[in-house]
Amino acid sequence: MQRHQPINYKNIAVHCKMSDKMNPLGCCTTVGCNTYENGDSFSLSSQAALMHSSNISEICLNEWRLIIVTEGKGYYQLENGKLLPLEKHDVLLLEPNTRHKYFPDEKIGWKEYWIGFEGKIFDAFLEQTKIVNYLPKINYQSLSAIENILLDMINVMFYNKEGAQLLLTAEILHLLGALNHKISNRYLENPIEDRINEAKELIKGDFHGDYSPEEIAEKIGMNYAQFRRMFKGYTGTSPAQFQMEVRLAKAEELLTSTIIPITEIAKVLGFSDTAQFSSFFRKRKGMTARDFRNKNFFRPTF
């Protein structure tokens, strides 16, 4: 594709003409770039604000939206209020008619591109792919090629020459196809059972509780709702319950085979204080950690 002179703006948003939105198959509604650096006031131009999000409030779009982070770091707020990190190489796909909130890290900042699109051709494509099962985030390492496509898309829409919408539609399908190819190949190389086993190993190595179930799902490349359902199907318990069982088993091991003080065991297991650990242990074992140690401490005989 012939590239025009680069548009050197830190923040730019380009929107399609109303006539283009009448295309029954679909169209690219908006494309742009936003750069937020440490010290910047995170506010978008009035033009961009019409179609783009900020960290001030949630947004609800009536279109699909791809967000591509090419530099820095930010966050996407999940339904339970937890923040899902967004870093370089991450691609966020926002569904239409759903509330979303995402924003850059205030200290680190980020550079993001976004593409808005709507129409039957995109709905049908996404319905036939595995992409929506991995919402909201996909990690895509080959960003250099994608960034070139994005810059071309901004130029094409900015100059709006004859045939621009057809070209933009093809480029969006190209991006979606590349994402689906990555997901499909990973799925074939790493079946569900393997990924559940991968999650179990992550949890077993994380007895101090650094990762939430949502973060573990993200690490193995699964949508959380799907991960929770599959995990329970394979193990008979939820990811959160499995985490509790791992921490309890580690607590029993430390209490019965070491002389580490209970206050230190609580810290090792990631509890905020001894009282929280004691409540956790007593609820599950029916006795205090001290009584359990006195009753079960292993003393080797020679």
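Predicted model: local features only at pLDDT ≥ 70, side-chain atom pairs only at ≥ 80, totals over all residues.
Ile-172 is in contact (heavy atoms within 4.5 Å) with Cys-28, Ile-115, Phe-117, Phe-122 and Met-153, its neighbours within four places in sequence being left aside. Residues are numbered from 1 along each chain as its sequence is written, and side-chain values use heavy atoms, with hydrogens and water left out.

Ile-172 is also among the residues with the most contacts inside the largest nonpolar core, which has 33 residues; others include Leu-66, Phe-117 and Leu-176. A nonpolar core is a set of buried Ala, Val, Leu, Ile, Met, Phe, Trp, Tyr and Cys residues joined through side-chain atoms within 4.5 Å, where buried denotes under 20% relative accessible area, exposed over 50% and partly exposed in between (1.4 Å probe, protein chains only). A second, separate core of 27 residues includes Phe-207, Ile-216, Ala-266 and Phe-292.

Strand E6 (residues 90-94) has 5 of its 5 residues buried; strands (E, at least two residues) and helices (H or I, at least four) are DSSP runs numbered from the N terminus. In a regular strand the side chains alternate between the two faces of the sheet. In E6, Asp-90, Leu-92 and Leu-94 lie on one side and Val-91 and Leu-93 on the other, and both faces are covered. Strand E4 (residues 64-77) pairs with E6 in the antiparallel sense over 4 bridges, pairing requiring at least two DSSP bridges between the strands. Val-91 in E6 is the bridge partner of Ile-68.
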